[in-house]
Amino acid sequence: MYDDYEVKKSFKKGLISGIVPVLIIAVLVNILVYRNMTSKRIEVSKDTVTKINKISELIDDKYLFDYKKGDIETAIIKAYVSGLGDPYSQYYTKEEFEQIGQSAAGSYCGVGVYVTYDENGRGIKILQVIEGGPAEDAGLEEGDIITAIDGNAIVLDDFDMATSPLAGEEGTKVTVTILRNGKEKDYELTRSVIKQNYVKSRMLDNNIGYVYLAQFTASSVEQFKNAVEELKKDGAESIIFDLRDNPGGVLNGAVSILDYLLPEGLIAYVEDKYGNRKDYNSTDGTDELDIPCVVLVNENSASASELFTGALKDRGYATVVGKKTFGKGIVQSLFALGDGSGLKITVERYFTPNGVCIHGTGIEPDIEVEYDKDKFYEDGTDTQLDAAIEYLENH
């Protein structure tokens with residue numbers, strides 16, 4: 001089960017203008033029907049078939065430029081899925097599907113950055129530069145805006161498609177255009193294997209432990225556990241979990257971490273289109289949160305981050321500080337299609353232990369605090385983190 005972040009807008013991908021013969025429609029139908037389902041097939045209306053044939057004849061007879069038949073087939077399948085009107089459901093080519101699997105496992109081949117949408121629509125914003133990666137070596141910085149990749153301007157209606165060119169085979173090169181301080185500059189990066197460390201931790205004053213979690217993946221679970229164990233060993237008497245800008249990730253990663261933190265009880269539950277319910281419970285009986293804790297969140301804390309936050313809040317184990325979360329309370333699953341490609345579709349809603357589905361609404365913090373960017377860039381002051389520290393010092 002896979003759960004990830006998308007931009008909070010009602011994106012509708014445009015229909016693709018490439019059209020192909022009826023034979024390709026037949027291939028499309030066969031590919032999109034998951035082999036373990038029933039033998040039900042998609043019906044294409046006679047009018048649609050006639051129109052496709054006519055357009056195909058016109059392209060063959062009149063179209064000026066060369067084109068690749070495979071590119072048009074891929075475009076048709078992507079447009080078919082986009083017709084759901086769901087920005088979280090997508091078709092992936094073989095190459096894209098491989099990259100998703102690598103990222104979920106905690107390693108991939110790319111340039112070494114965590115990215116999100118730029119709030120001003122200028123491109124993709126770098127949230128973090130991974131230590132030792134090509135981006136760090138080239139001098140890219142947190143807050144840089146990627147406006148183009150290999151000369152192609154970033155299109156913000158599909159986050160996965162916009163960012164996928166950053167990944168690729170080891171040793172290959174990619175050029176990114178960076179906007180910084182109002183000026184653009186090109187950087188040529190050589191892709192390499194990135195082993196991602198999703199967790200950072202340290203001790204703060206007054207025996208307050210601090211854990212930053214960038215994303216929920218298979219590898220982040222062990223990293224998170226090790227960080228908490230070290231902090232408690234070092235004498236942490238309270239702890240801050242920083243999930244700001246955490247887009248989510250693998251649902252089971254969040255569940256595993258919560259199972260580690262919480263005593264027996266409900267973590268969350270999901271329901272599918274038929275109302276079938278599945279509970280996720282903490283089963284190990286341990287209680288690692290025997291000390292006060294705070295969860296730091298912001299507008300970009302989404303999906304599995306919200307599941308984590310909702311579980312700790314509903315069960316009374318954490319105070320939430322920051323801004324209202326993103327509001328993604330639905331779950332996607334990945335399906336392999338047999339030829340290396342894959343399909344991601346929305347399959348369930350999830351609910352916090354108190355039965356709240358936060359999709360479209362988010363989680364309100366117990367203590368609302370604005371993040372003062374100017375103050376941070378002026379002297380490094382993190383107003384939200386300071387508020388979390390102040391709360392723990394007084395409770």
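This is a predicted model: local features need pLDDT of at least 70, side-chain atom pairs count only at pLDDT 80 or more; totals for chains, interfaces and linings use all residues.
The protein holds 11 helices and 19 strands. It has 395 residues, of which 50% count as buried. The accessible surface comes to about 19,600 Å². Carbon and sulfur atoms account for 48% of that surface. Contacts were also sorted by separation along the sequence. Among those between residues at least 6 apart, 69% join residues at least 24 apart.

An open sheet is built from six strands. Their order is β10-β11-β12-β15-β16-β19, and the pairing is mixed. Strands β10 (199-204) and β19 (367-368) form the edges, and each pairs on one side only. Within the sheet, β15 (residues 293-297) and β16 (residues 319-322) run parallel. Four bridges join these two strands. Val 295 stands opposite Val 320, which belongs to β16.

Two helices contact this sheet. Helix α11 spans residues 383-393 and packs on the sheet. Helix α11 touches β10, β11 (208-213), β12, β15, β16 and β19. The direction of α11 makes about 165° with that of β15. Helix α9, residues 304-314, lies across β12 (238-242), β15 and β16. The angle between α9 and β15 is about 145°.

Strand β13 runs antiparallel to β14 (residues 277-282), and six bridges join the two. Leu 266 stands opposite Asn 281 in β14. Together β13 and β14 form a hairpin, with five residues between the strands. In the turn, Gly 275 has a positive phi of about 85°. Strand β13 also pairs with β18 (residues 342-351), again in the antiparallel sense. That pairing extends over three bridges. Here Tyr 269 stands opposite Phe 351 in β18.

Another charge sits over a ring elsewhere. The charged end of Lys 328 is placed over the ring of Tyr 88, 4.7 Å from its centre.

Aromatic rings also pair with one another. The count comes to 10 aromatic pairs. One of them joins Tyr 63 and Phe 65, whose ring centres are 6.1 Å apart. Their planes meet at 75°, so the pair is edge-to-face. Tyr 63 counts as partly exposed because its relative accessibility is 46%. Phe 65 has a relative accessible area of 55% and is therefore exposed. Phe 376 and Tyr 377 form another pair, with centres 5.6 Å apart. The planes of Phe 376 and Tyr 377 are at 75°, so this pair is edge-to-face. Phe 376, at 30% relative accessibility, counts as partly exposed. Tyr 377 is exposed, since its relative accessible area is 61%. Four phenylalanines, Phe 216, Phe 224, Phe 241 and Phe 308, form one aromatic cluster.

Technical notes:
Residues are numbered from 1 along each chain as its sequence is written. Side-chain values use heavy atoms; hydrogens and water are left out. Two strands pair if DSSP finds at least two bridges between them. Contact means heavy atoms within 4.5 Å. Axes are lines fitted to C-alpha atoms, for helices over the stretch in contact, and angles run from 0 to 180 degrees between N-to-C directions. Buried means under 20% relative accessible area, exposed over 50%, partly exposed in between (1.4 Å probe, protein chains only). Accessible areas come from the Shrake-Rupley method with a 1.4 Å probe; for residues, only the protein chains shown count as cover. Rings of Phe, Tyr and Trp (its six-membered ring) pair if their centres lie within 6.5 Å; planes under 30 degrees apart count as stacked, over 60 as edge-to-face and the rest as tilted. A charge sits over a ring if NZ of Lys or CZ of Arg is within 6 Å of the ring centre and within 35 degrees of the ring normal.
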